[in-house]
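This report covers the salt bridges and the strand and helix layout of one protein model. Please look over the sequence and the structure before reading on.

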Amino acid sequence: MRPVQLPAAAESGAFLVRVPSGQAMAMFRYCLEADGHGLAMATVVDPQRGIVKLLYSPHQREELEEFLGSLQAELGLEWRPWPRACMA
């Protein structure tokens, strides 16, 4: 399958993800980096509460949501769009 060339996105999308434990966080980071094929860039915002900010291309939102959904039951993930007021 050939990569599809998409126009550059005007801005990144972002999700707020909660990962319930340190062990789940390690598995989440591994899956995102190994199996996620560069779908998103993760930044741990609050390690005590397991809060991660995911930045992604809006072109890949559906694919990223499918990826997160595939890990939801196994790792106990919760996610929602990042609050727009906090995007800066």
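R29 is partly exposed, at a relative accessible area of 27%; partly exposed is the range between buried (under 20% relative accessible area) and exposed (over 50%), with a 1.4 Å probe and protein chains only. The model is predicted, so local features need pLDDT of at least 70 and side-chain atom pairs count only at pLDDT 80 or more, while totals for chains, interfaces and linings use all residues. Residues are numbered from 1 along each chain as its sequence is written, and side-chain values use heavy atoms, with hydrogens and water left out.

The side chain of R29 meets that of E33 in a salt bridge, at 3.6 Å from N to O. The term requires a side-chain nitrogen of Lys or Arg within 4 Å of a carboxyl oxygen of Asp or Glu. Both residues sit in helix α1, four residues apart, which means a separation of about one helical turn. E33 is exposed, at 57% relative accessibility.

The whole structure has four salt bridges.

| Pair | N to O distance |
|---|---|
| E33 and R29 | 3.6 Å |
| R49 and D46 | 3.6 Å |
| R18 and E78 | 3.9 Å |

R18 has a relative accessible area of 33%, and E78 has 47%.

Strands β1 (residues 13–18) and β4 run antiparallel and are joined by four bridges. One of the bridge partners in β4 is R80, which faces L16. Strands are DSSP runs of E with at least two residues, helices are runs of H or I with at least four, and both are numbered from the N terminus. Two strands pair if DSSP finds at least two bridges between them.

The open sheet has four strands in the order β2-β3-β1-β4, with antiparallel pairing. Its edge strands, β2 (40–46) and β4 (78–81), each pair on one side only. The twist from one strand to the next averages 25°.

Helix α1 (residues 22–34) lies across β1, β2 and β3 (51–56), at about 160° to β2. Helix α2 (residues 61–75) lies across β1, β2, β3 and β4, at about 160° to β4. Contact means heavy atoms within 4.5 Å; axes are lines fitted to C-alpha atoms, for helices over the stretch in contact, and angles run from 0 to 180 degrees between N-to-C directions.
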